[in-house]
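The following paragraphs lead a new reader through this structure, which is a predicted model.

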Amino acid sequence: MQKYQLLATAAAGIEALVGRELRDLGYQGQVENGRVRFEGTIEDVIKTNLWLRCADRIKIVVGEFDAYTFDDLFEGTKTLAWEDLLPLDANFPVEGRSRNSKLHNVPSAQAIVKRAIVEKLSQVYHRRTRLAETGSRYPLEVVINKDHVMILLDTTGSSLFKRGYRKAKGGAPLKENMAAALVMLAHWFPDNPFVDPVCGSGTIPIEAALLAHNIAPGLNRDFACESWVNLVPEGLSDAVRDAAEDAADYDVELDIHGYDIDQNMIDIAKENARAAGLSQEITFKQLAVKDWHTDQINGVIVANPPYGERLSDQESVRELYRQMGELYRPLTTWSKYILTADLEFEKFYGAPATKKRKLYNGALRTDLFQYWGKKIR
């Protein structure tokens, strides 16, 4: 089976987590800004789309070359073996990005790449008329950075954060792959309690349960590459999915709780958990942060509270941070991981973080404030 050069793209700050996931799956990954390079077959493409929790997309690197003129771009694109990837009826839209390059006109770059591919395929398939593009979709991207061109084929389709279980959401929901990253960064073990005190639509607890049960996050959705009959042997996708389903461990007993002050959000969280097949694995309850208490030990708290970006909200949000500090500081065996864009969080929480990690929630710069507990064995 042919091997491809592949990219797993990721939000800034969590590339190393994607690299770790790839290693755990048996791949050698090279971590770069916003992506991890690795190598694999079309089977590996399907497998990584199914299993990667923190990545955005899996892309095939069709080719790389330097281009300083549009002629360079045309000829470089045309020399690539498009006939090995695109059938005669392929629908292949081309998107583009350019940064710090002579070829800064993105629409022109897209059009030239498209024209070069059409000319190459017309020669290969001996077509004198326009290509029909009535078949499966093969989304392409031309990325130019410092005059270096990468032409990529997106195997994923809708971004990997779209797991398929979130039937409803509240305002400013956390993406599923970022929620999974927070759970992984918490180094939580499933035999310990897990609490999200401001769970909103339930994404963080659901991602924790998926991880604990070793459920592949992509099982409830499909991927663009699964319709590529010229590249994917019949039955391969089903076989990879069957193997992923067999790997799930539903016997693990979990103690996962999600709380929110808004009963409507709790109802949404329960609906999403049902859609994920996890309604019996997570306890959701309407509860304010200040009203939660516990006698348990060695737990983990992962929270994405409101950030108070608007001045009108800042006072109430910082009062929430104070309440968190008063409640959580005495829980010395518990570890707490709190994501916020408020860089003064520690001041209102009342204690400096053990460690801070810069992450991007969409385009917004945030910090994960980490308070490590001392577990009792």
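Which residue in β7 does Ile60 stand opposite? The residue is Leu153. The strands concerned, β4 and β7, pair in the antiparallel sense over seven bridges.

These two strands belong to an open sheet of seven strands with mixed pairing, in the order β2-β3-β1-β4-β7-β6-β5. Its edges are formed by β2 (30-32) and β5 (94-99), each of which pairs on one side only. On average, and with direction ignored, neighbouring strands of the sheet are turned by 30° against each other.

Helices accompany this sheet. Helix α2 (residues 42-51) lies across β1 (4-9), β3 (35-40) and β4, and runs at about 140° to β3. Helix α4 packs on the sheet as well, where it touches β5, β6 and β7, and its direction makes about 135° with that of β5. In helix α3 (residues 70-78), the buried residues are Leu73, Phe74, Gly76, Thr77 and Lys78. Their cover includes β4 (57-66), α4 (106-124), β6 (140-145) and β7 (148-154).

A further contact joins two helices. Helix α1 (residues 15-24) packs against helix α5 (residues 176-185) at an angle of about 75°, the axes being 11 Å apart; the two are therefore roughly perpendicular to each other. Here Leu17, Arg20 and Glu21 of α1 meet Ala181, Met184 and Leu185 of α5. The residues of this contact comprise four nonpolar, two charged and no polar ones.

Finally, strands β13 (residues 355-361) and β14 (residues 364-371) run antiparallel and are joined by seven bridges. Lys355 has Gln370 in β14 as its bridge partner. Two residues lie between the strands of this hairpin, and Gly362 takes a positive phi near 70°.

Note on methods:
Residues are numbered from 1 along each chain as its sequence is written. This is a predicted model: local features need pLDDT of at least 70, side-chain atom pairs count only at pLDDT 80 or more; totals for chains, interfaces and linings use all residues. Side-chain values use heavy atoms; hydrogens and water are left out. Axes are lines fitted to C-alpha atoms, for helices over the stretch in contact, and angles run from 0 to 180 degrees between N-to-C directions. Helices (H or I, at least four residues) and strands (E, at least two) are DSSP runs, numbered from the N terminus. Angles under 35 degrees count as roughly parallel, over 145 as roughly antiparallel, 65 to 115 as roughly perpendicular and the rest as oblique. Contact means heavy atoms within 4.5 Å. Ala, Val, Leu, Ile, Met, Phe, Trp, Tyr, Cys and Pro count as nonpolar, Asp, Glu, Lys and Arg as charged, and the others, Gly among them, as polar. Buried means under 20% relative accessible area, exposed over 50%, partly exposed in between (1.4 Å probe, protein chains only). Two strands pair if DSSP finds at least two bridges between them.
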